[in-house]
Amino acid sequence: MTIKPLIILPDPVLRQLSTPIERLDSDLQRLADDMLETMYDAPGIGLAAIQIGVPRRVLVIDIAREGEEKQPQVFINPEIVKSSDERSVYEEGCLSIPDYYAEVERPAVVSVKYLDRNGKEQTVEADGLLATCLQHEIDHLNGVLFIDYISRLKREMVIKKFTKAAKSKAL
């Protein structure tokens, strides 16, 4: 397993649309393992392949609390098939937008259809943190970032800050 470098805002790669996985093979298994290793190292609770520069529809999540046994989950070609009218608000952060957090309102419950690591079709009905995390990571696969849900002014300030930081790093 290899820890991969994270793609950081304002990199335009984060706005790419990820393509569906056609074949489950050893390369995909390696990608999932690398993503989990990268996510744990960051540390984070979710990671979409695009965040390591791979525009494929795969994400990993582990919402186990510190001190609990790890519960890694791999979602291949995830798709939200149902979402509740009820809403919930979580303070979200993102490994691609380090050290920035904002409250985001999303559906409280979602049903997500996906393939597991073995290629078996699954459906999960998620609420709480898992629902938020799934929506956040699926957004990544569609080129959407959590800052797209905050006010335009706040979003522009965040983008400006990260653009300035990227420019000073490049010097």
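Reply: Helix 2 covers residues 128-141, 14 residues in total, and spans 21 Å from first C-alpha to last, close to the 20 Å expected at 1.5 Å a residue. The model is predicted, so this is a computed value. Of those 14 residues, 12 are buried, with under 20% relative accessible area as the cut-off, so helix 2 is largely enclosed by the rest of the structure. The buried residues are L130, A131, T132, C133, L134, Q135, H136, E137, I138, D139, H140 and L141. In general, an α-helix has 3.6 residues a turn, so residues three or four places apart point the same way. Helix 2 is followed by G143, which has a positive phi near 75 degrees.

Turning to the sheet, five strands form an open arrangement in the order 1-2-3-6-7, paired antiparallel. At its edges stand strand 1 (46-48) and strand 7 (121-127); each has a single partner strand, so one side of each lacks a neighbour in the sheet. On average, neighbouring strands are turned by 40 degrees against each other, direction ignored.

Within this sheet, strand 2 (residues 58-61) and strand 3 (residues 73-83) run antiparallel and are joined by four bridges. Opposite V60 stands V74 of strand 3.

The other helix to mention is helix 1 (residues 26-41), which lies across strand 1, strand 2 and strand 3. Helix 1 runs at about 40 degrees to strand 2.

Note on methods: Residues are numbered from 1 along each chain as its sequence is written. This is a predicted model: local features need pLDDT of at least 70, side-chain atom pairs count only at pLDDT 80 or more; totals for chains, interfaces and linings use all residues. Side-chain values use heavy atoms; hydrogens and water are left out. Helices (H or I, at least four residues) and strands (E, at least two) are DSSP runs, numbered from the N terminus. The expected span of a helix is 1.5 Å times one less than its number of residues. Buried means under 20% relative accessible area, exposed over 50%, partly exposed in between (1.4 Å probe, protein chains only). Two strands pair if DSSP finds at least two bridges between them. Axes are lines fitted to C-alpha atoms, for helices over the stretch in contact, and angles run from 0 to 180 degrees between N-to-C directions. Contact means heavy atoms within 4.5 Å.
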